[in-house]
Amino acid sequence: MPNLVCFRITVLLIIYCFTCFVGLRSSLAMAPTPFDWGEKTDVAAGGWGRMIHVKAGDWICVSTLYPKPHSILQLLISTDGAQTWKPISQVAEPGRNLDNGDLIQLHDGSLLLTGRSVVAHKTEASGLSYHLPVYQSKDLGKTWKFLSQI
């Protein structure tokens, strides 16, 4: 019996390593495409998308957009099982880049949104400022208010 368990673990490790290797090779084969910064620049239609399935049955997604001069968080909603998406709101902080957004729905139905907030242009005087703001929405992501900072 122990030999069978060892065999199964070995097979799973081989499959896992092969999957990782194939994924690494395909990601190396797809070199990033250069792009030009414009008034609004979409990088693969946003970045760091995170989705949650809310109690009402819809999907809500937060994604990073890169318009000049600062990145922002955009919220989107899908009412057809994540087949199509419609923008519902954006969250921005003046003079700061927001990215890496994440969402959670509380028991009362409200949403919490957090992300990384970094000073947009580091200077000798400003230094590097980094914090994690938390915003709350009580209308499924249509509007947001600052709640706290982690």
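A polar contact is a pair of N or O atoms within 3.5 Å; within protein, one must be able to donate a hydrogen and the other to accept it, and residues adjacent in sequence count only if both atoms are side-chain atoms. The structure is a predicted model, in which local features need pLDDT of at least 70 and side-chain atom pairs count only at pLDDT 80 or more, while totals for chains, interfaces and linings use all residues. Residues are numbered from 1 along each chain as its sequence is written, and side-chain values use heavy atoms, with hydrogens and water left out.

With a relative accessibility of 11%, Arg96 is buried, where buried means under 20% relative accessible area, exposed over 50% and partly exposed in between (1.4 Å probe, protein chains only). Its side chain makes a polar contact of 2.6 Å with that of Ser117 and another, of 3.1 Å, with that of His131.

The largest nonpolar core contains 14 residues, and Ile60, Leu75, Val91, Leu103, Leu113 and Trp144 have the most contacts inside it. Such a core is a set of buried Ala, Val, Leu, Ile, Met, Phe, Trp, Tyr and Cys residues joined through side-chain atoms within 4.5 Å. At least two of its residues come from each of β3 (59-67), β4 (72-78), β6 (96-105) and β7 (111-119), and the largest share, 3 residues, is supplied by β4. Leaving aside residues up to four places away in sequence, Val91 touches Ile72, Leu73, Leu75, Leu98, Leu113, Tyr135 and Trp144, contact meaning heavy atoms within 4.5 Å.

Tyr135 leads on to strand β9. All 5 of the 5 residues of β9 are buried, so this strand is largely enclosed by the rest of the structure. Pro133, Tyr135 and Ser137 cover one side, and Val134 and Gln136 the other. Two strands pair if DSSP finds at least two bridges between them. β9 runs antiparallel to β7, with 4 bridges joining them, and Ser137 in β9 is the bridge partner of Leu111. Likewise, 4 bridges join β9 to β10 in an antiparallel arrangement; there, Val134 has Ser148 as its partner.

A search of the whole structure finds 1 aromatic pair. The ring centres of Tyr135 and Phe146 are 5.8 Å apart and their planes stand at 80°, so the pair is edge-to-face. Rings of Phe, Tyr and Trp (its six-membered ring) pair if their centres lie within 6.5 Å; planes under 30 degrees apart count as stacked, over 60 as edge-to-face and the rest as tilted. Tyr135 is buried at 9%, whereas Phe146, at 47%, is partly exposed.
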